[in-house]
Amino acid sequence: MGPACYALKDRDQWIGWSAVQRVERLKLIVQNRRFLLLTPKGQAPNLASQALGAALRALPGQWRDRFGYTPLLAESFTDPEAYAGTCYKASNWEAVGYSRHRADFYLPNDRPKRLWLRPLSAQARQTLRAAQLPEECRAGLSARPSGTLPVNAQQLESLLEVFWKAPDPRKKNAHYPVGSVLTLIAMALLAGRREIAEIARFATSLTQPQRRRLGLPLKKGTGGFHPVPGYSVFYQVLTRMDPEAFAARLTDWLQAQGCTLPQALALDGKRIRHPIGLLTLAQQEDGAPQAVAVYDQKQDTPRCEQSAAVALLEKLPALDGEIITADPLPCQRRQARLIVEKGGD
């Protein structure tokens, strides 16, 4: 058993929770990652479903003893081209859809896996989307990455200073200073926002004192109202700026704030738009980034994800006491050696 998938369209629709609830409550779902019987086929009828049933009856209590909270739902996958999933069905799992075949979350996959879900309590589905969680589940909540920012006034000023020196890719008559716009983008990324529309909505949530500290212009005749950039401003800056220079500046700032960063980090890449991907070294708990790099393909190019991982690790001053995890793509000898040489594991 292990952590659940970050986003599964069919699972999330089955539960009926919001995107914010998913981020906050994801640890209340556990995934059956491996299931292997060592008996020859047909030798022990019903052993598979009996083992699954026994494991799931023991799971909530053992998980609570180990991690301090009670999970509510289990998920697993089977290959429909090879297995019918009979043992899952016999032990009361429900087939609710497929994995990694929705273009809004993942690239299309020619061999999607069947998704199975198994409630671990009678009202698991309703509880996961309820306004309040029961006491035995609350220790499993994660802080919302779009909630209160881990940026105090002093850190905000230093972040603004970093981006105030950045070149402006727009025309000289731009209304909003590029330093203010880039700082807003960086703050939104740190808060878990990824889309331009989300960044624009994040900007509207800032208070007037926060907007004033960011150097946003004062609207004439309002007596103290500082408007924030709209979607078109963020779009112009993001599509015209040098993404590698932005990533380098943000990484340098994150490194300067190293004393406030977590001890468990994950290295992973995601495509932002077709020709550009963002490789992130991020906090495992809520996705807050420590360093970022840009890549163009998964592998076999000078700017591929593997090369970007090497470049990102080489630029980090130290990884003392950090545990780095990654998927198989960047798990190469060179990357592992760099992590160890910089004091990490």
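In the predicted model, Gln306, Ala309, Val310, Leu313 and Glu314 of helix 12 meet Arg334, Gln335, Leu338 and Ile339 of helix 13. By class, this contact between helix 12 and helix 13 comprises five nonpolar, two polar and two charged residues. Helix 12 spans residues 305–315, and helix 13 covers residues 333–341. Their axes lie 10 Å apart and form an angle of about 15°. Helix 12 is therefore roughly parallel to helix 13, since angles under 35 degrees fall in that class. The crossing of the two helices is left-handed.

Glu305 also belongs to helix 12. Its relative accessibility is 1%, so Glu305 counts as buried; the cut-off for that class is under 20%. Neighbours within four places in sequence were set aside in listing its contacts. On that basis, Glu305 touches Asp268, Gly269, Leu279, Tyr295, Gln297, Lys298 and Leu329.

Strand 1 runs antiparallel to strand 2 (residues 29–31), and two bridges join them. Gly2 has Gln31 of strand 2 as its bridge partner. In general, strands of a sheet pair through backbone hydrogen bonds, in either a parallel or an antiparallel manner.

How values were computed:
Residues numbered from 1 in each chain as written. Predicted model: local features only at pLDDT ≥ 70, side-chain atom pairs only at ≥ 80, totals over all residues. Heavy atoms only, no water. Helix = DSSP H or I, 4+ residues; strand = E, 2+ residues; numbered from the N terminus. Buried < 20%, exposed > 50% of the residue type's maximum accessible area, 1.4 Å probe, protein only. Contact = heavy atoms within 4.5 Å. Axes fitted to C-alpha atoms, helices over the stretch in contact; angles between N-to-C directions. Parallel < 35°, antiparallel > 145°, perpendicular 65-115°, else oblique. Left-handed = near helix turned anticlockwise from the far one by under 90°. Nonpolar A, V, L, I, M, F, W, Y, C, P; charged D, E, K, R; others polar. Pairing = 2+ DSSP bridges.
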